[in-house]
Amino acid sequence: MAAARIVELCGGMPLAVRIAGARLAARPRWTLARLAHLLHDERRRLDELATGNLAVRAGFAVGYTRLAEPTRRTFRLLGLLDAPDFAPWAAAAIADIPPEQAERQLEELIDAQLLQETGTEPHLRYRFHDLVRLYAREHAEAADEPAARATALERAFGAWLWLAEQAADQVPGPCFAPIHGAAPRHPMPSGVAAALLDDPTAWFDAEQPALNASARQAAALRMVPMAWELAACQEKYCDVRGLYDEWRTTHLAALQACRAAGDGLGTAVLTRGLIEVTTWTTAADGSGATVDLPDGTQTMVALDDRARHLRGLFEQAGEPRGTADALVLTAWSLVAQGREQEALDAARQALDLATAHDHPGGEARAHQIIAIAYGETDLDRTIEHLTEALRLARLIGNTRFEATAIQFLGAAHGRAGQVERGGELLLRSLAMARSLKDRYVEAFSLLYLAMLYAATGDDRARETAEAALAIARRFDLGHHLAQALGILGELDLAAGDHASAVGHLEESVLVWRARGWRSFLAEALRALGRAYEAAGLAESAARVLEEARELSDIR
């Protein structure tokens, strides 16, 4: 274990590993763990990797001393970045030089064996060996004033932010109000920006690790507005790509910095993002852990308090569009608790606020939750509000929310007995989700299709539900998981496979308990009761059916 750690801290560099081995050979009383501990400290690592006439630092110096000073300066400043890799435009930003000059200097650094090239034309990227980065930082601290280093990092982070905001405007995702802060932007030349953002999602694909690293680095350096804006501008991309762990961890790091600095607007924006990601997904370890929630707390029930707290944050920050977003989240919680009239009241407040403050995305989300609150009790109104949500989604060009609205419309038409129309809409939303590589919407479309197929006796029901289940397990989507398990349990029961039905439905009930969505839990309990009865487990059936009745009686 310690030997592997030594090699890791040497970055696998043959010279560094050779030096580490020589130091151990000259000190037979040293343990591997001791050397690993010494190398762990970045500030001392290059000092420790020297013995006799061998030194890692000296090897780097050969290439560095042959460079012209402008290229040395770019090398030093690039070493300040925590980003795992970077594009030529980032080098131009941090050094404040034209892109053409930056590209020439990057080639010089490759020739000097101080930089590594990754990617392929025309999307070349560059990265440091970990030890070379430490060497560059040493020289930056010696040669460049602290203010100059901070300004250089601000330029680089500002360039990432400037590009990310423009890319995010073109990426479909949650219809939250785009709220910006005071972090300085560093614009790129128009020709460079146009080429980079020709495919915004592909730009995020390439830059997301660097954006995450930059947001966390800005938070550590107390560049608070920069940290939270870099984190927040990634939300739509992370949602569409299913990068929920990255979303959570980066937001938490930036949120901690906001709270410490008393940045109310940043705290509100990041809290909104964290509520969104932790309400609809669970931790990757499968624990179901949700940020800021005690163990055993039901997610959708706790959403009420969290959304009300968020509303207060946005009201204090003087951001009514954010307040509208918080009210929609409140409405979702109230629907889940079976408090439909209160949910409608909150959603209508959100709709009025979003309309008054030019927030069409908030209007679309308000119409969606109003439709869900009406549910099956008034399918005409449900369809009316979903149709308006679809119109608004198309108006703002958000294809992700368009697919969502079409999906819910398909389900509503299916429940209204318009099976052919419902199936047509659901297949359209499924195709849109797959074209966007949006696994969240894809899974929901599959679930509604599976329910439609099951209701009409279509043999495709099982394979469709199993496809939704696979996505739900892979991406830790609790709601989707519980629903897929419930559909499969019902199909098992209809097929006479009582043991499998019990297994699927028991797991569905377990997930719905954690979710805290009352109507879904009651439905799953009723299905489990029927499965227990079919399996000859009368006592268990009576217990869960009684619980389902109690849940249905609560108003």
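These legends walk through several close-up views of one predicted protein model.

Because the model is predicted, local features need pLDDT of at least 70 and side-chain atom pairs count only at pLDDT 80 or more, while totals for chains, interfaces and linings use all residues. Residues are numbered from 1 along each chain as its sequence is written, and side-chain values use heavy atoms, with hydrogens and water left out.

**View 1**
The protein chain holds 29 helices and 4 strands; helices (H or I, at least four residues) and strands (E, at least two) are DSSP runs, numbered from the N terminus. Its C-alpha trace spans about 80 × 60 × 40 Å along the principal axes. Of the 555 residues, 56% count as buried. Here buried means under 20% relative accessible area, exposed over 50%, and partly exposed in between (1.4 Å probe, protein chains only). The accessible surface comes to about 23,900 Å², and 52% of that belongs to carbon and sulfur atoms; such areas come from the Shrake-Rupley method with a 1.4 Å probe, and for residues only the protein chains shown count as cover. Among contacts between residues at least 6 apart in sequence, 66% join residues at least 24 apart, where contact means heavy atoms within 4.5 Å. The chain carries 58 positive and 76 negative charges, whose mean positions are 6 Å apart. Lys and Arg count as positive and Asp and Glu as negative, leaving out His and the chain ends; each charge is placed at NZ of Lys, CZ of Arg, CG of Asp or CD of Glu.

**View 1. Meet Trp160, in the largest nonpolar core.**
A nonpolar core is a set of buried Ala, Val, Leu, Ile, Met, Phe, Trp, Tyr and Cys residues joined through side-chain atoms within 4.5 Å. The largest one has 188 residues, and Trp160 and Trp203 have the most contacts inside it. Helix H10 (residues 146-169) gives the largest share of this core, 12 residues. Leaving out residues up to four places away in sequence, Trp160 touches a list of partners including Leu81, Phe86, Trp89, Trp203, Glu207 and Leu230.

Glu207 sits in helix H12 (residues 200-220) and counts as buried because its relative accessibility is 2%. A polar contact of 2.8 Å joins its side chain to that of Trp160. Such a contact is a pair of N or O atoms within 3.5 Å; within protein, one must be able to donate a hydrogen and the other to accept it, and residues adjacent in sequence count only if both atoms are side-chain atoms. Neighbours within four places in sequence aside, Glu207 is in contact with Ala87, Trp89, Arg125 and Trp160.

Ala393 lies in helix H21 (residues 379-395) and is buried, with a relative accessible area of 0%. Not counting residues up to four places away in sequence, Ala393 touches Asn398, Phe401 and Glu402. Ala405 is 12 residues from Ala393 in sequence, and their C-alpha atoms are 8.0 Å apart in space.

**View 2. Thr278 pairs with Arg306.**
Thr278 lies in helix H16 (residues 264-280). With a relative accessible area of 1%, Thr278 is buried. The side chains of Thr278 and Arg306 make a polar contact of 3.2 Å.

Gln113 is not a glycine, yet its phi is positive, about 60°. Look for Gln113 in the loop between helix H8 (99-111) and strand S3 (116-118); at 69% relative accessibility, it counts as exposed. Asp476, also not a glycine, has a positive phi of about 55°. Its loop runs between helix H25 (461-475) and helix H26 (478-495), and at 18% relative accessibility Asp476 counts as buried.

Gly63 is part of helix H5 (residues 56-65) and counts as buried at 10% relative accessibility. Setting aside neighbours within four places in sequence, Gly63 is in contact with Ala112 and Leu114. Gly63 and Glu108 are 45 residues apart in sequence and 9.7 Å apart in space, C-alpha to C-alpha.
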